[in-house]
Amino acid sequence: MDFAKARINMVEQQVRPWDVLDTRVLDVMETLPRERFMPEPYQALAYADSEIPLGHGENTLPPVVVGRLLQAVSPQPTETILEIGTGSGYVTACLAHLAARVDSIERIDDLRLAARNRLTDLGLDNAHLRTATVTRDWTPPRPRYDAIILTGGMTEYDDFLEPYLTLGGRLFVVTGDGPIMEAQLITRTTEDDCRHEGLFETRVKPLVGFEPKPAFEF
């Protein structure tokens, strides 16, 4: 399979038509070998517009969501990024190309180790991976970040990460329940306030601990 051609087709036929026009984002997605972040049985599907199973009940984000996510957050070469949900490490690698440093948190150690090996093989040494389960009282590795990205969703938005944003810092999260969820960008405008912006509709798996509350039957 010609993966280089598949990457170009992914960008031109999927990502760009979904209003991803940031040239830095498009360049990264066109050059980064996404197939190397997929489990071997699924490498031929690396550039399909779909989720890919990673094991442990986890999936990748579709390429179009990755593109919109990166464009919305717009990581800059001097910035430090927090990613919650390393998964395959593909988004981590994109962020590592775009920003100065990435701290990435993954609750499943097998996924963290596999992602770390992929990043090492590609010579990306500015991404730092940790195993942890993120809860509302969890403390990030650093006191402030220029951007925070959640690759899993929240049924109901919780602002517990907002205090860790720098002034002007951006937080990407998908909220809601059911087949349609909303991607949001939260930007810290002052020390005491944040602006919320709806971006697009999608669907992602909720983060553990942020799932829908069980319905009670009577």
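## Ser74 and its loop

Ser74 sits in the loop that joins helix H3 (63-73) to strand S3 (80-84); helices (H or I, at least four residues) and strands (E, at least two) are DSSP runs, numbered from the N terminus. The phi of Ser74 is near 50 degrees, a positive value in a residue other than glycine. Most residues other than glycine have a negative phi. Ser74 counts as partly exposed, at 25% relative accessibility (buried means under 20% relative accessible area, exposed over 50%, partly exposed in between, with a 1.4 Å probe and protein chains only).

This is a predicted model, in which local features need pLDDT of at least 70, side-chain atom pairs count only at pLDDT 80 or more, and totals for chains, interfaces and linings use all residues. Residues are numbered from 1 along each chain as its sequence is written, and side-chain values use heavy atoms, with hydrogens and water left out.

## Asp19

Asp19 also has a positive phi, of about 65 degrees, although it is not a glycine. Asp19 lies in the loop between helix H1 (3-15) and helix H2 (23-31). Asp19 is exposed, with a relative accessible area of 52%.

## The chain as a whole

Five helices and nine strands make up the pattern, which runs α-α-β-β-α-β-α-β-α-β-β-β-β-β along the sequence. Along its principal axes the C-alpha trace spans about 50 × 50 × 35 Å.

Of the 218 residues of the chain, 51% count as buried. Residues 24 or more positions apart account for 54% of the contacts with a separation of 6 or more, where contact means heavy atoms within 4.5 Å.
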